[in-house]
Amino acid sequence: MGDIGLLGFGPDGWGLVLFRAGLMTLAVSVAAFLCGLVLGTLVAWARVGGNRVMRALAEAYTVVLRGVPDILVIYLFYFGGRQVVAAIGTALGFAGPFDISGFVAGMLAIGLISGASQSEVLRGAYQAVPRGTIEAGRVVGMGRFTLFRRVIAPQAMVTALPAMGNQWQSVIKESALVSVTGLVETMRQVSVAAGTTQEHFLFYAAGAVIYLIITTLSDQVFRLAERRSLRGHQGAGY
Amino acid sequence: MDLTFISGMFQKILTGLPLTLNLWLLSLAGGACLALTLNLMRQNRIGNAIAATYVFVFRGTPLLIQIFMIYYGLAGFGFIRQSFLWPFLRDPYWCGLLALILNDAAYSSEILRGGLRAVPKGAVEAGRVSGMGRATILRRITLPIATRQALPAYSNEVISMLKATALVSTITLMDMTGIARAAISETWRAVEILLCAAVIYLVISMLVTRASAWLEQRLSPWQFGRTTP
């Protein structure tokens, strides 16, 4: 077992670097989760209220993303994105070499993966909204957007919250895969540190602890949000 | 689109299929055994705490870090290099398989725990009254009901494990993803190659989805609007 001082914040310590990498993990996860939320909402909407073509497309999207390994999707965005950027760049007359940021590729790829499962969660939450409340909103003359904002979204959010917490947890863990693009987040940084110091176990363990801290803290946040969202509900038990 | 390139690539990637299937099925089998053990441990306080910590750690960290920790990390311990385990832990295949088993066990044990909770107390009591021992009750009452309850969630886990096997390509194993990755650095035609690999994974996972739907219908036809055969 190596020198635990390597993890400190001193001049020889990797503490600060790892802390920054942890923030990067958080940043790429939040960006990807929001990407997935937008995509998931659109896809859930297409599956619930879309026409036949939209429904089929949305269903195909969820089936494909559920069945393909996440790392392939990330490679596809990273290498494929580079190909696309290079093609556009050459067409516009710029000189190479072209590259795509690991952050953007990772955010889009994980957003796309997460969007597929978030859409399922959101669809289920929408279907749990009592029909009567939607009809009531329509009767009092609400437009589609107002109805969504004031009747559907507040109720669906409460139902979706616990499952969304799980989605967030998987996004954090998937964000480790973005390290293959060279983005310096936790996974990448601990690999570099492990290689440099030859203290592999120590640094991978430290990385694991960083992920555990992030997942545990965000679990607490989601629990708080859940409790808050249940205010005023009968039998909520709080 | 270059069809000869694509069909050649399919054949090339398919040579990695046996390794992918091997890791997938063995990790599911190993994970299931360990998941059952973890649930049996939960009967007393210490066992419960151990199982809960195990699940917390393995579900709270990315699989990639678990793989690296086993493959690169364990080699740093002198006593492991001297032990009889070293021939195994030196080999990326066994490290990858071990990481997949440990990871799958954490998720499967939670799924099984959910299933076990759904077993009606009355059924277990009935077994006890009719004179069954603990092992018999487990084998003939608890596990059959629990696995039936857990089946939909478990089929998702089966698919996630198929996807998870792709990560062993990061420790030099030539599974389907590893072959695809090597082909990319040879030819730089990333999109075609990755789509070929994706199609193969997709077909397998769709087969799993079909099979589990079929199994669910077969095990409880009354839930699907059919009369009991």
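A:Gln169 sits in helix α6 of chain A, which runs over residues 144-175; helices (H or I, at least four residues) and strands (E, at least two) are DSSP runs, numbered from the N terminus. The model is a predicted one, so local features need pLDDT of at least 70, side-chain atom pairs count only at pLDDT 80 or more, and totals for chains, interfaces and linings use all residues. Residues are numbered from 1 along each chain as its sequence is written, chains are lettered from A and ligands numbered from 1 in the order in which they are written, and side-chain values use heavy atoms, with hydrogens and water left out.

Back to A:Gln169: this residue counts as buried because its relative accessibility is 15%. On the scale used here, buried is under 20% relative accessible area, exposed is over 50%, and partly exposed lies in between (1.4 Å probe, protein chains only). Setting aside residues up to four places away in sequence, A:Gln169 touches A:Thr215, A:Ser218 and A:Asp219, a contact being heavy atoms within 4.5 Å. A:Thr62, in helix α2 (residues 52-67) of chain A, also counts as buried, because its relative accessibility is 5%. With neighbours within four places in sequence ignored, A:Thr62 is in contact with A:Arg47, A:Ala116, A:Ser119 and A:Glu120.

As for annotation, the unreviewed UniProt entry lists "transmembrane region" for residues 23-46, 58-78, 84-113 and 201-222 of chain A. UniProt positions are given in the numbering used here, feature names are shortened, and annotations may be inferred rather than shown by experiment. In the model, residues 23-46 of chain A are 100% helix and 0% strand, with end C-alpha atoms 34 Å apart. Residues 201-222 of chain A are likewise 100% helix and 0% strand, and there the end C-alpha atoms are 31 Å apart.

Chain B comes out with 11 helices and 0 strands. Its C-alpha atoms fill a box of roughly 70 × 55 × 25 Å along the principal axes. Of the 229 residues in chain B, 46% are buried. Taking contacts in chain B between residues at least 6 apart in sequence, 75% join residues at least 24 apart. For chain B, the unreviewed UniProt entry gives "transmembrane region" at residues 21-41, 61-80, 164-184 and 190-209. Residues 61-80 of chain B are 70% helix and 0% strand, with 23 Å between the end C-alpha atoms. Residues 164-184 of chain B are 48% helix and 0% strand, and 20 Å separates their end C-alpha atoms.

Then there is the interface. Here 37 residues of chain B are in contact with 34 residues of chain A. The two chains bury about 3100 Å² between them, 77% of it on carbon and sulfur atoms; buried area is the accessible area (1.4 Å probe) that two parts lose on being put together, summed over both. Between chain B and chain A there is 1 salt bridge, defined as a side-chain nitrogen of Lys or Arg within 4 Å of a carboxyl oxygen of Asp or Glu. A:Asp70 and B:Lys163 form this salt bridge through their side chains, at 3.9 Å, N to O. On the side of chain B that touches chain A, α3 (45-60), α4 (63-73), α9 (134-164), α10 (176-187) and α11 (190-219) each supply at least two residues. The largest share of that side, 11 residues, comes from α11(B).
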